[in-house]
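Me: Could you walk me through this one? I'd like to begin with the pocket.

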Amino acid sequence: LVMGVQRYSDGRVRDGSVNTTQGMADLLREQSFMGYGYDVAMKMDPTADEVLRYIGEAFADAQKGDVSLFYVNCHGRYRGGLAYLEMQDGSTLTAQQLESALRKVPGTVVVMIDCCNSGSFINPEQSRAFGKRVVNAFAPKSRGSFAMSKYRVLCSSSATQESYRYAQTKKNPEANM
């Protein structure tokens, strides 16, 4: 499931988001491993409720041995100890809500969060369920290792960094990306 937010209901536009999201979907569609490829669903400009519904739909047939991938490109924030994604209509999706939805997906889940402050989703100081589960998988005292965890998480920034895309034009830096 590949998702991106380009147009926010308050008029903000992230010109490069559609290119980045489409590029990720195209990349995955072209991949195969031992004869198996990705079945890719791409969604643009979802609300938080739609993201949760799309997760259920996209991974409805996932099996225990499958590897499922969730990619999101949108605005992200980390404020007051809470990590969240900002969706098209201004609704938010917290790390806890995202983990709760992805927990229902059998097998391994690769999570790629491409937004500002995305590292806050796995920040050890962040007490939300998603971060706790992933960080606990690294802890030496945990029963399993990260290899045994259900999640593989890639973030485009740390908990305190902004994440930008740059282009050659000064007029609209996201236009060509």
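Me: So which residues lie nearest the centre of the largest pocket?
Reply: Bearing in mind that this is a predicted model, Gly37, Tyr38, Asp39, Asp66 and Val67 lie nearest the centre of the largest pocket, and they belong to a lining of 23 residues.

Me: What volume does the largest pocket have?
Reply: The computed volume of the largest pocket is about 660 Å³.

Me: And how does its lining split by class?
Reply: The lining of the largest pocket has 14 nonpolar residues, alongside five polar and four charged ones.

Me: Which element gives the largest share of that lining?
Reply: That is strand S5, which contributes three residues, while strand S2 (32-33), strand S3 (36-37) and helix H2 (48-58) are also among the elements that each supply at least two.

Me: Switching to the sheet, what is the strand order?
Reply: The five strands form an open sheet in the order S4-S1-S5-S9-S10, and their pairing is parallel. Strand S4 (42-44) and strand S10 (151-155) are the edge strands, each pairing on one side only, and from one strand to the next the twist averages 10°.

Me: How many bridges join S1 to S4?
Reply: Strand S1 (residues 2-4) is joined to S4 by three bridges, and the two run parallel; Met3 stands opposite Lys43 in S4.

Me: One more: which strands does helix H3 lie across?
Reply: Helix H3 (residues 95-103) lies across strand S5 (67-73), strand S9 (108-114) and S10, and helix H3 runs at about 145° to S10.

Definitions and conventions: Residues numbered from 1 in each chain as written. Predicted model: local features only at pLDDT ≥ 70, side-chain atom pairs only at ≥ 80, totals over all residues. Heavy atoms only, no water. Pairing = 2+ DSSP bridges. Helix = DSSP H or I, 4+ residues; strand = E, 2+ residues; numbered from the N terminus. Axes fitted to C-alpha atoms, helices over the stretch in contact; angles between N-to-C directions. Contact = heavy atoms within 4.5 Å. 1 Å grid on protein atoms, 1.4 Å probe; cavity = no way out; pocket = protein on both sides within 12 Å on 5 of 7 lines; lining within 4 Å. Points joined across faces, edges and corners; volume = space filled by probe spheres on them. Nonpolar A, V, L, I, M, F, W, Y, C, P; charged D, E, K, R; others polar.
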